[in-house]
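The sequence and the structure come first, and the description follows.

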Amino acid sequence: MPDAIERQAPLYDILSLMIQHLLLDLDNTLYPASGRMDEGITRRMIDFVAQHLAVSPEEATRLRIKRLPVYSTTLEWLKVEHGLRDEEAYFHAVHPESEVEELQKDDQLRPYLQSLDLPMTLLTNSPVFHAERLLEFFNISDLFLGVFDITWHKGQGKPHPDAFRNTLEAVGYTVDQTLFVDDHLKYVRGYRAIGGQAALVDENGEHRAIASAEGYWYMQNIYGLKDLLTADGASRHQKNT
Ligand SMILES: [Mg+2]
């Protein structure tokens, strides 16, 4: 009864066979959200919003929390609802050169990513100069087939379906062949919505129950990836274990 066996076979038994390519997020995925960078980026976004809307940082925070679920990024929200035109001003305010001081060195990251032995592509909703700066900091610039940033997607980044599809088309892989890894539920949901396998990086276990209910793979940090890509390990990262 091959059909019955197939239906019963857990997804994790076939994941490692299916996956031929990794589509990786950058911020809070390749380095921990608990570092100073995440806090710094958020603070600078709030400051920019407050200045642009001429409101207090508290009001900017409240408005951003309210409206962000509707948009892929803070930038998209400001452009659509608040007439922001100067994208570069936003990027440079949020990502000043000094941002690298908020990062912690991780000498294990390069050998670890190499040891996964899969082609990988970077997909970020940040601007390319931020991505390149961080990749250089971690000495992993040469490990990716390409770096696809928010500008490449003309402001329509993750979770817009075309952000995923156009990126994959550009590097010659399909959704079926690609595991997407990101720390944002919204983006993981977006990739699942187009039929892809996705893994949520969730440092504090905040979204574990949701991952379980909605069927994403789950890991505390990027160092769970190798384990996930093996059949035995995947069972430990699966939604219902
Ligand atoms: Mg991220």
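The model examined here is predicted.

By this count, Glu88 and Ala89 of helix H6 are exposed. Tyr90, Phe91 and Val94 of H6 (residues 87-94) are buried. Seen down the helix axis, the buried residues of H6 fall within an arc of 95 degrees, so they line one face of the helix. Glu88 and Ala89 lie on the other side. The cover over the buried residues of H6 includes helices H3 and H5.

Helix H3 spans residues 36-53 and helix H5 residues 74-82; their axes come within 11 Å and cross at roughly 10 degrees. Because angles under 35 degrees count as roughly parallel, H3 is classed as roughly parallel to H5. On the H3 side the contact is made by Met45, Val49, His52 and Leu53, and on the H5 side by Thr74, Leu78 and His82. Four of these contact residues are nonpolar, three are polar and none is charged.

With helix H4 (residues 57-67), the axis of H3 comes within 8 Å and crosses at roughly 105 degrees. That angle makes H3 roughly perpendicular to H4. Here Ile46, Asp47, Val49, Ala50 and Leu53 of H3 meet Pro57, Ala60, Thr61 and Arg64 of H4. The contact of H3 with H4 divides into six nonpolar residues, one polar and two charged.

## The six-stranded sheet

Six strands form an open sheet in the order S3-S2-S1-S4-S5-S6, with parallel pairing. Strands S3 (144-148) and S6 (217-219) stand at the edges with a single partner strand each, so one side of each has no neighbour in the sheet. On average, neighbouring strands are turned by 20 degrees against each other, direction ignored.

Val201 has Met219 of S6 as its bridge partner.

## Helices on the sheet

Helix H9 (residues 161-171) packs on the sheet and touches S1 (21-24), S2 (120-123), S3 and S4 (178-182). The direction of H9 makes about 145 degrees with that of S3.

Helix H10 (residues 185-193) lies across S4 and S5. Relative to S5, H10 runs at about 170 degrees.

Conventions. Residues numbered from 1 in each chain as written. Predicted model: local features only at pLDDT ≥ 70, side-chain atom pairs only at ≥ 80, totals over all residues. Axes fitted to C-alpha atoms, helices over the stretch in contact; angles between N-to-C directions. Helix = DSSP H or I, 4+ residues; strand = E, 2+ residues; numbered from the N terminus. Parallel < 35°, antiparallel > 145°, perpendicular 65-115°, else oblique. Contact = placed C-beta atoms within 7 Å. Nonpolar A, V, L, I, M, F, W, Y, C, P; charged D, E, K, R; others polar. Pairing = 2+ DSSP bridges. Buried ≥ 20, exposed ≤ 12 C-beta atoms within 10 Å, placed from the backbone. Arc of directions from axis to C-beta.
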